[in-house]
Amino acid sequence: MLPRLPKPNAAVLKRIQAQPLDYWQHVGDPLADLLSTIYPIGDAETLLKLIEYEAEQEQPLCLQFLSQENAVSRWQEPRFQAELAAWQAYVQQFPLAVRLAWQAGGGLRLLSQARWAGAWPGPLSPLQRFMQHLDDALLCEHLPTPDTLRLMRLELAILRRDAEADIGKNHLGVVLAQSDLATLVICLSEEMMRSLDALGVGLNSAQRAGLRHWAIGFGQGLGVEALWLASNEEEAHALRHVLLQPSSSLGAPLVLPWLRMVASADTLPAAERRTLALARSLLDPLTADTLGLPHDALGSLWRKASGWVVEKGRPLAGQAPAVLNLQKKVMARWH
């Protein structure tokens, strides 16, 4: 059962809403956009290598892009280190829960947003690449490197560039603009936090703060405007209220292929039914219905089975070989 949402702080809401949301939906990350336009390459890793080469030739724009690694100040400030460490320790203790909370909870809430869903009008491969890198970053015992953040910025810029013509036809504005990147940060922290609570492995206060610091540092690395990054819990709740729009049916065609891809890494029986039932339990009913998640008469049974998998996913010393083998299979990267 999802926890109740707290009420947003009225003063924070007023400050955030002083600049209309429509304005921020037409402001992207101009540097990453420009780089992906100057070098019209569809693969972010190739584009990053080209930028590094051009920087060696002292191309100013490429030098500027590569010099922005100091943007992740939230990860570097000493006052946040203890809480960040608490979150990273939690990730190593419950890696499968973190993965499922993002893939079947926070990630689906993100895809229910019209412009995020509209960014992938075709096959899932661009979505899969970005989500895989994000999944790797979440589960890593270390903070993402500057190269990882640059790569993900370029992936988003390429997705935005390739989707703009199609999005323009549907009058959805510039896809993946500042407000949409901030929505990614909110789904990473607030929605994933609620999903972890619903999985029965909730966070303590230090771990909650650490997850928020991690998500905000990630947002800084993606170049999100400071206005859209919360400095405390109340601001996070207010930002969620402002940024998360009603769920859109545009995300429905993406959801089943996405969840089947997630389930394909699970070799246990009824993996797909369990994954679909788990996703429905981690989303509010309106979002689940809008995204077309099926109602399963045995949904509660599959959710309990998923809870057992999460429990056995703990990296505890001395587990039986069969349990260790199960953990390796379920945690395997999708193909």
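**View 1. Helix 4 and its buried residues.** In helix 4, the buried residues are Ala44, Leu47, Leu48, Ile51 and Ala55; buried means under 20% relative accessible area, exposed over 50%, and partly exposed in between, with a 1.4 Å probe and protein chains only. Helices (H or I, at least four residues) and strands (E, at least two) are DSSP runs, numbered from the N terminus. Seen down the axis of helix 4, the buried residues fall within an arc of 100 degrees, so they line one face of the helix; the arc is that of the directions from the helix axis to the C-beta atoms. Lys49 and Glu56, on the other side of helix 4, are exposed. Helix 4 has 13 residues (residues 44-56), which at 1.5 Å a residue should span 18 Å, and its end C-alpha atoms are 18 Å apart, in agreement. The expected span is 1.5 Å times one less than the number of residues. Just after helix 4, Glu58 has a positive phi of about 70 degrees.

This is a predicted model, in which local features need pLDDT of at least 70 and side-chain atom pairs count only at pLDDT 80 or more, while totals for chains, interfaces and linings use all residues. Residues are numbered from 1 along each chain as its sequence is written, and side-chain values use heavy atoms, with hydrogens and water left out.

**View 2. The whole protein.** The secondary structure consists of 19 helices and zero strands. The protein has 335 residues, and 54% of them count as buried. Contact means heavy atoms within 4.5 Å. Among contacts between residues at least 6 apart in sequence, 76% join residues at least 24 apart.

**View 3. The nonpolar cores.** A nonpolar core is a set of buried Ala, Val, Leu, Ile, Met, Phe, Trp, Tyr and Cys residues joined through side-chain atoms within 4.5 Å. The largest core holds 77 residues, of which Trp87, Trp102, Leu134, Leu184, Trp214 and Phe218 touch the most other members. Apart from this core lies another, of 15 residues, including Tyr39, Ile51, Ala55 and Leu154. Leaving aside residues up to four places away in sequence, Trp102 touches residues that include Leu108, Met131, Leu184, Cys187 and Met192. In soluble globular proteins, nonpolar side chains tend to be buried together.

**View 4. A salt bridge between Arg115 and Asp180.** A salt bridge is a side-chain nitrogen of Lys or Arg within 4 Å of a carboxyl oxygen of Asp or Glu. The structure holds 13 of them. In one, the side chains of Arg115 and Asp180 meet at 3.0 Å, N to O. Arg115 lies in helix 9 (residues 114-118) and Asp180 in helix 12 (residues 178-198), so the pair ties together parts that are 65 residues apart in sequence. Arg115 is buried, at a relative accessible area of 13%, and Asp180 is buried at 3%.

View 5. Arg212 forms a salt bridge with Glu190, with the closest N and O atoms 2.8 Å apart. The pair links distant parts of the chain, as Arg212 is in helix 13 (residues 205-221) and Glu190 in helix 12, 22 residues apart. Both Arg212 and Glu190 are buried. A network of salt bridges links Glu191, Arg194 and Arg240.

**View 6. The loop at Leu283.** Leu283 is in the loop between helix 16 (271-282) and helix 17 (285-290). Leu283 counts as buried, at 6% relative accessibility. Leu283 and Arg194 are 89 residues apart in sequence, and their C-alpha atoms are 9.3 Å apart in space.
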